[in-house]
Each structure stands twice: as structure tokens, then as C-alpha cells.
Amino acid sequence: MLIEILQQTINGLAIGGVYVLIALGLTTVFGILGIAHFAHGSVSMFGGYLTFFLVTSQGLPLIAAIPIALVVGFLLGLLIEIVAYRPVRNANHINAFIVALGLTMMVEGINLQLFGHEQVVIPTGLSKVFRLGGITVPELRIYVIIAAIVLVAAMMLFVEKTKTGQAIRAVAENRDAAILMGVNVKSIPLIVFGISTSLGVAAGIMVGALFAIAPGIGEGFVVKGFAVLILGGLGSFPGAILGGTVLGITESIAAGFISSAYKDVIAFVVMILVLLIRPQGLLGRSP
Amino acid sequence: MNRTLTILVWLVAFASLAMLPQLLTIKYYLHLSILALIWVIMAQGQNLIQGYTGYVSIVGAGFMGIGAYSSTLLGIHFHLPTWATIAMAPLVTALFALATGYPSLRVKGHYFAIVTLAFNLIIVIVLINYKELTNGETGISNIPKLWGGSRDAYFYLVLVLAACLTLLAALIARSRVGEILLAIRQNEDLVGSIGIAAWKYKLFAFVVSAMYAGLAGALYAHFQGFINPEIFGVAQSLDAILAVILGGSGTIAGPVIGAFLVVFLPELLRFADSFRLILYGLILVLATIFMPIGIVGVCKAAIRRLSRKDIRSDA
């Protein structure tokens with residue numbers, strides 16, 4: 001029993017890492033621009049597909065394919081900000097959300113068009129399995145967890161320590177004051193979208209390596225990402241990290257002990273319960 | 001436009017729709033027209049919560065599914081006549097809407113959208129996995145039809161229902177409740193500050209919109225004779241949103257036009273085949289950026305401009 005719980009916790013950490021990366025992108029975009037970037041899941045899966053394509057069809061080593069996918073993700077983020085969200089910046093927030101829905105349909109369609117209907121698994125060649133006591137830990141999961149920690153730490157450092165990071169936080173805190181202090185508010189959304197999309201692409205690659213990418217799963221991931229935001233509290237980085245990890249582990253334990261068919265339902269029920277009991281999230285400031 | 005003219009336009013629209021079964025020689029177009037009328041009901045419901053109240057609900061298709069499955073299952077397990085199960089479907093849906101609306105309406109804006117979307121996903125997951133009741137992904141076929149499956153008769157049933165429910169939506173919109181819903185869309189805090197319990201009105205709009213969707217679902221099930229969980233997925237909820245946006249949100253004619261568009265547009269785009277999803281998304285993005293007031297909004301603005309010119313030329 002205890003071993004089973006530990007086993008599921010370790011499984012949950014890997015998927016939790018994926019959720020954290022997706023949620024960090026969503027929370028930054030939301031914090032700065034107030035946009036619920038619904039297409040984030042589909043765009044992330046695009047990155048996963050792209051990596052798969054580079055590795056299998058182009059014969060690139062994974063270590064080269066990943067940076068290319070991350071850079072493409074960054075550029076894609078810039079494009080999305082300029083073409084889709086900038087025109088509705090000053091319109092009603094509902095409009096931005098509907099643009100996001102349309103964008104999701106487009107990206108899903110592009111994914112289908114470019115990469116087909118089949119589900120794909122990114123070949124990593126990492127098949128070693130470690131055994132600790134009764135617990136089995138595939139090598140791949142460890143790398144995924146480490147990569148997630150590194151990316152999250154890098155993101156935190158960037159936002160906390162660099163000049164650009166400070167500007168981002170300033171805009172999130174008070175847009176008008178930031179403009180008065182000479183922050184270039186035109187470039188901030190671009191940077192935010194670029195970085196968020198790169199983080200999403202990293203998550204997409206992890207999903208492709210750990211499980212599989214298939215049409216439509218992006219939607220599931222973006223909803224989980226938002227569930228994490230609701231769990232952790234809007235715009236809160238520590239909240240996103242805690243929320244993602246908690247969701248990953250809860251889901252994994254629920255799948256192991258209750259039912260794997262209903263594991264997604266459990267995640268959503270947790271989210272709805274949090275909304276009912278603590279609408280500001282676990283780490284959110286009370287309104 | 002003055003009142004008599006508006007009523008006249010509606011009557012002409014109704015009469016020309018009523019003549020469709022005689023005019024359409026290709027039976028497939030009649031089939032699509034019935035679907036479009038079912039979607040009119042769906043879109044009018046969506047418009048109440050999305051267009052008037054300003055809360056984008058993404059659970060429309062899920063409620064449609066609850067209506068479709070409850071009507072079908074009530075018929076199978078309790079041997080009730082079809083008309084009775086169709087009438088009960090919106091009531092069952094209303095119960096689900098009360099239970100889901102209460103928690104989800106505690107959050108606003110995007111979060112409301114996400115939470116309702118999660119509900120749609122839950123509904124589909126349950127429909128897929130509760131195989132004993134729903135037969136899983138295979139779905140249920142041979143659902144009894146009304147009047148031995150006569151298309152013409154069903155067309156008139158759906159037409160009359162769509163007309164009545166459009167009228168009801170118009171009455172709600174013009175009532176005090178409708179005014180409060182509009183006020184909530186514009187400034188919810190202000191509504192609260194003058195002592196109106198906004199949540200009651202939001203819940204009302206949410207439940208009524210769910211009942212519309214439930215009825216649309218039941219009508220769909222007994223028209224097609226086949227349902228499965230996939231039909232009631234998030235993609236269809238997005239269609240309902242698209243219908244409202246394209247037609248013109250917060251107008252009564254908008255959902256009618258939008259419903260016909262979302263049913264007939266994919267047929268027109270059939271040549272594009274696999275590009276359909278991309279085109280569809282593009283239309284949604286472009287429409288929101290360049291035409292956020294919808295077709296009805298654009299027409300109204302054009303008419304206003306024209307009539308102003310008339311006045312000037314008269315003078």
C-alpha cells in the first residue's frame with residue numbers, strides 16, 4: 001500500500017511537472033495581459049509534434065531537435081500575440097477569449113494537416129528502469145522531472161532577477177504606472193508570449209516522450225493548466241508550481257486506486273471544490 | 001426599425017421557412033434545415049447566457065447531450081411515449097444546470113468559461129465510461145422517431161418550437177429580468193450595489209439556456225435516431241458560441257442567422273475538406289476582430305446609416 005502510494009507519487013511528479021510548465025505559461029499570460037490563452041494546449045502539442053517530426057523524418061538527434069522546437073515555439077508565440085491577440089487588446093475580454101477559441105481550432109486543424117490523425121510517441125531511447133526497494137522509476141521520468149525543475153527555476157530567476165523580468169512584473173502589478181516608469185509595454189506582451197509558448201512546447205515534448213500526442217489532447221491539457229491556476233490562485237507562480245504538483249500526484253494516485261477512466265473527472269472535481277471553498281486558490285491572496 | 005416593421009420581417013421569415021419543404025427538391029437540404037432549426041433553439045439558449053448576460057458558457061453541447069440521453073433513456077427504460085420524453089428532457093437538464101451553475105457562477109469571465117468547459121468534458125467522460133447506461137462510445141441507435149420518421153412533419157414541429165422559443169427569448173430579453181441580465185453584462189458590481197442579487201439572475205439565465213440546449217438535444221436524438229458521446233463534445237459547444245457571435249450576440253435575430261450559418265457553412269466549406277477546421281477557426285478569429293457585433297449588428301448599423309441619409313435627402 002505505502003509502496004503503491006510512493007510509486008504513484010513519483011509517476012504523479014512527472015505529469016505534475018508537465019502541468020506546472022503549462023500553467024506557468026498560462027499564468028504569465030493571464031497575469032500580464034488578462035487573456036485566458038486557451039490555444040496554449042494545442043500550441044504546446046504542436047511543439048511536441050514538431051519535435052517528433054524533426055527526430056523521425058529529419059533524423060535529427062533529440063538533443064538538437066528540442067532547442068529547435070523551443071525556438072520555433074518562441075517565434076510562434078510572437079506571431080500569435082501580434083496577429084491574434086493584439087487586435088483585441090482593448091476590446092471586451094470575452095472577445096479575446098473567443099479569439100483564443102478560434103485560434104485553438106486553427107492550431108488543431110494545422111496539427112491535423114501537418115502531422116496527421118495518428119498518435120505519435122517521441123522516441124527518446126531512454127528505456128532504463130531504476131528499482132528502489134519496491135518502486136520502479138523509469139529513467140525518462142527522472143529526466144522529465146529534472147528538466148521541469150530546471151525550466152521552472154530558470155523562469156523564476158528570469159522574472160525575479162533580470163531587468164526584463166522586473167518590467168514584466170511591473171506591468172502585471174500596474175500597467176499604467178509601468179508605462180510612466182518608461183517600461184516598453186509593447187514589447188512586454190511579445191516577450192511574455194514567446195517565453196510562455198516555449199515553456200508550453202517543452203511541456204508538449206514531455207507529453208510526447210512520456211505518453212503520446214494525439215489530436216484533441218491539447219484541450220485536455222489546457223483545461224488542466226487552468227485547473228492548476230484555479231488551484232494555486234491567479235497569477236501566482238508558487239501557486240502554479242504547488243497546484244501543478246498537487247494535481248499531478250492526486251490524479252496519479254486516483255488513477256491507481258480508484259479508476260483510471262475517471263481520473264480526469266477527479267481533477268476537475270478537485271478544481272470545482274476549490275472554487276467553492278476557496279475561490280482565490282490555495283496560495284492566492286484573499287480578494 | 002419600428003415595431004410593426006420588425007414584426008412583419010419576422011412573419012415573412014417564418015412564412016418563407018414554412019414553405020421550405022415544398023420548395024426544397026433535394027431532401028438533404030430539408031435534413032440540414034431541420035438541423036439548423038434545432039440549432040436555432042440551441043443558439044437562442046446560448047445567447048441568453050453569452051449574449052445578454054455576458055458569461056461565455058462552454059457546456060452547451062454537454063447539456064444538449066444530457067437532454068438527448070435523458071429523452072432516449074426515459075423512452076427505453078420506462079416505455080414512455082416519445083413526445084413525453086422530449087418534454088421531460090429540458091426538466092432533467094435543468095436539474096443538472098442548477099447543480100453545475102451554482103458553483104461555476106461564483107467565478108467570472110474566463111474562469112467561468114473554463115469551469116463550464118470542464119463540466120462539458122466531465123459529461124463526455126461519464127457518457128463514454130458509464131457503459132451500462134449509455135452504451136459507451138458505440139452510442140445508442142434505433143431511437144424512436146415521431147410520426148414514423150416523417151421529415152416534413154418533424155420540420156414543422158421543430159419550426160414551431162424554434163419560433164415559440166425565439167419569441168420566449170425575446171420576451172425574456174424585453175422583461176425586467178432581461179434588463180437586469182444586460183446590466184450584469186455591463187457592470188455586475190453596480191448591479192450588486194443597488195441591492196439586486198445578481199447571482200439569482202445569472203443562475204436563471206444559465207438554467208434557461210441549459211433547458212433550451214436540453215430540448216435541442218432531445219429533438220436531435222429523435223430526429224437522427226442515433227447518438228453517441230462524441231456528438232456532444234466541446235467542439236459543438238464552440239459551434240454554439242460561434243453561432244451567437246457570427247449572428248450577433250445580444251440580439252434576437254442573431255442566433256437564428258448564426259444557427260443556419262453553423263449548420264450550412266461546413267457544407268459550403270466541404271470542398272476544403274481537411275482545411276475545414278482551420279478555415280472555421282479563422283472565420284471565428286476574423287469575425288471577432290473585425291465584426292464583433294455580428295451580422296445583425298452590421299445590418300442594423302447599415303440600416304441606421306441609410307435611414308439617416310434618407311432624412312437628409314428629404315430635407
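Predicted model: local features only at pLDDT ≥ 70, side-chain atom pairs only at ≥ 80, totals over all residues.
1. In this note a residue is called buried when its relative accessible area is under 20%, exposed when over 50%, and partly exposed in between, with a 1.4 Å probe and protein chains only. By that rule Glu173(A) is exposed, because its relative accessible area is 66%. Glu173(A) belongs to helix α6 of chain A, residues 163-173, where helices (H or I, at least four residues) and strands (E, at least two) are DSSP runs numbered from the N terminus. Although Glu173(A) and Ile32(A) are 141 residues apart along the chain, their C-alpha atoms are separated by 8.2 Å.

2. Residues are numbered from 1 along each chain as its sequence is written, chains are lettered from A and ligands numbered from 1 in the order in which they are written, and side-chain values use heavy atoms, with hydrogens and water left out.

3. How do helix α11 of chain A and helix α6 of chain B pack? Helix α11(A), residues 263-277, and helix α6(B), residues 109-129, pack at an angle of about 145°, with 10 Å between their axes; axes here are lines fitted to C-alpha atoms, for helices over the stretch in contact, and angles run from 0 to 180 degrees between N-to-C directions. The crossing of α11(A) with α6(B) is left-handed, a word used if the near helix is turned anticlockwise from the far one by less than a right angle, whereas clockwise would be right-handed.

4. On the α11(A) side of this contact (heavy atoms within 4.5 Å) are Asp264(A), Val265(A), Phe268(A), Met271(A), Ile272(A) and Leu275(A), which meet residues of α6(B) including Ile114(B), Phe119(B) and Ile125(B). The residues of this contact comprise 12 nonpolar, no polar and one charged, where Ala, Val, Leu, Ile, Met, Phe, Trp, Tyr, Cys and Pro count as nonpolar, Asp, Glu, Lys and Arg as charged, and the others, Gly among them, as polar.

5. In chain A, strand β1 (residues 129-132) runs antiparallel to β2(A) and is joined to it by four bridges, two strands being paired if DSSP finds at least two bridges between them. Within this pairing, Arg131(A) has Thr136(A) as its bridge partner, and Phe130(A) has Val137(A). The two strands form a hairpin with two residues between them, and Gly133(A) in the turn has a positive phi of about 60°. Strand β2(A), residues 135-138, has Ile135(A) and Val137(A) on a covered face, with Thr136(A) and Pro138(A) on an uncovered one.

6. His79(B), which is not a glycine, has a positive phi of about 50°; His79(B) sits in the loop between α4 (60-78) and α5 (82-104) of chain B and is exposed, because its relative accessible area is 68%. Asn135(B), also a residue other than glycine, has a positive phi near 65°; its place is the loop between α7 (131-134) and β1 (140-141) of chain B, and it is partly exposed, with a relative accessible area of 42%.
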